[in-house]
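My entries follow in the order in which I checked things.

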Amino acid sequence: MELQKLLSKIKPLDDAAMVKARQRQTELAKPPGSLGRLEDLSVQLAGISGNVHNSVKRQHLLVFAADNGVVEEGVSSAPQSVTLSQTVNLTRAKTGASTLCKHFGCGITVCDVGVNADIREPKVLNRKIAYGTGNIAKGPAMTRDQALTALMTGAELARSIDADVYGIGEMGIGNTTTSSAVLAVLLDADVEAVTGRGGGITDASFLKKKNVIRQAIGINNPDKTDVIDVIAKVGGFDLAAMCGAFLGCAAMRKPVVIDGFISAVAALCAYRLCPEAVGYFVPSHASYEIGYQLAMDAMGLEPLFLLGMRLGEGSGCPLAFQILDAACAIINSMATFDEA
């Protein structure tokens, strides 16, 4: 099975390289631990690559776009057509994430895995599995085979792009609803505890959103011990592909940055499929969405920064790339007292 082959390629971090990196950090001309998370990141990068000295100059954001049938239930503030327009705009440096990529010189690839429209923009990769998912309030989002296809599509796309560090983002109206449903099932958590307002819905729509998620979980009865079943029944094509991309990066021994809430839920799915993969994950910002911290806690991760962000798209990834670059600069270029 393709998925099992992928999972078998994900290996633990290199402990010996991490010991050497920690030792190097203690020798640099500074009080031990005084650069905080920058030191931790340099050690993590050493564990990922097997080398004390690393570079993350080649930075690339992968954005997976798809529509979600649950928007029929009135759970989103924006119409479904926004998925199409923003998917195209992502290729033109016209959105938040793509503007930041252009500013910092990061690569970006936008991949259609389930937008409910034909996209004629050649810069958008066409890996469409279907024209949107089913409405999870009435039945499953997709078949198990479609979920596996989406997952492997994400993994293959990650492996097709040569970069030092990757970020995983999304575009899809309604995907905070599907992600909240997946998170509620995986964590066996109350819907109230994991569901936020997403793009800024009214009080009435927010109440409806939570009721729709409860209805979707009740109707579909996903198996919380089977990640693929959960994604297939209450998830989205974007979420499945993102999960695969996280696994693909880990299989390549490359660091991969988590964006906000939806990206964090996809990372959690990847973690549940292969706990070793979490060593390759780097959180970016603390999402404004209520379920984000629960997903982080479940993986034992802490975000790097708090800016009140909740845009999605992968907008936190270009910022986190710069922090990783700074971590490399410290261990690569800072001198010890003797060297200085």
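Entry 1, strand β1. I started with strand β1, which is mostly covered: eight of its eight residues are buried. Buried here means under 20% relative accessible area, exposed means over 50%, and partly exposed lies in between (1.4 Å probe, protein chains only). Helices (H or I, at least four residues) and strands (E, at least two) are DSSP runs, numbered from the N terminus. The model is predicted, so I note that local features need pLDDT of at least 70 and side-chain atom pairs count only at pLDDT 80 or more, while totals for chains, interfaces and linings use all residues. Residues are numbered from 1 along each chain as its sequence is written, and side-chain values use heavy atoms, with hydrogens and water left out.

I then sorted β1 by direction. Q59, L61, V63 and A65 point one way, H60, L62, F64 and A66 point the other way, and all are buried. In a regular strand the side chains alternate between the two faces of the sheet.

Entry 2, strand pairing. Two strands pair if DSSP finds at least two bridges between them. I find β1 (residues 59–66) joined to β4 by seven bridges, running parallel. β1 also pairs with strand β2 (residues 107–114) in the parallel sense, over seven bridges. Which residues does L62 face? L62 stands opposite I168 in β4, and its bridge partner in β2 is T109. F64 stands opposite E170 in β4.

Entry 3, strand β4. I checked burial in β4 (residues 165–171) and found seven of its seven residues buried. V165, G167, G169 and M171 point one way, and Y166, I168 and E170 point the other way. Three bridges join β4 to strand β5 (residues 256–258), again recorded as parallel. G167 stands opposite V257 in β5.

A nonpolar core is a set of buried Ala, Val, Leu, Ile, Met, Phe, Trp, Tyr and Cys residues joined through side-chain atoms within 4.5 Å. The largest one has 108 residues, and F64, L247 and F281 have the most contacts inside it. Helix α11 (residues 237–251) gives the largest share of this core, 12 residues. A second, separate core of seven residues includes A17, A21, V43 and V52. In soluble globular proteins, nonpolar side chains tend to be buried together.

I listed the contacts of F64, taking contact as heavy atoms within 4.5 Å. Not counting residues up to four places away in sequence, F64 touches residues including C111, V113, L157, I168, E170, D238 and A245.

I looked up A155 in helix α6 (residues 144–160). A155 is buried, because its relative accessible area is 0%. Beyond four places in sequence, A155 touches L6, G244, A245 and G248. A155 and M252 are 97 residues apart in sequence and 10.0 Å apart in space, C-alpha to C-alpha.

Helix α10 (residues 227–234) is largely enclosed by the rest of the structure, because seven of its eight residues are buried. These are V227, I228, D229, V230, I231, A232 and V234. They pack against α1 (2–8), α6, α7 (175–186), α9, α11 and α12 (261–273).

Leaving aside neighbours within four places in sequence, Q44 is in contact with G279, Y280, F281 and V282. N211, in helix α9 (residues 203–220), is partly exposed, with a relative accessible area of 38%.

I count a charge as over a ring if NZ of Lys or CZ of Arg is within 6 Å of the ring centre and within 35 degrees of the ring normal. K210 lies over the face of F206, at 4.0 Å from the ring centre. The charged end of R310 sits over the ring of Y288, 4.4 Å from its centre.

How many disulfides does the structure hold? It holds zero, with a disulfide taken as a pair of cysteine sulfur atoms within 2.5 Å. For C106, the nearest cysteine sulfur is that of C101, 4.8 Å away. C106 counts as buried at 9% relative accessibility. For C249, the nearest cysteine sulfur is that of C317, 10 Å away. C249 counts as buried at 0%.
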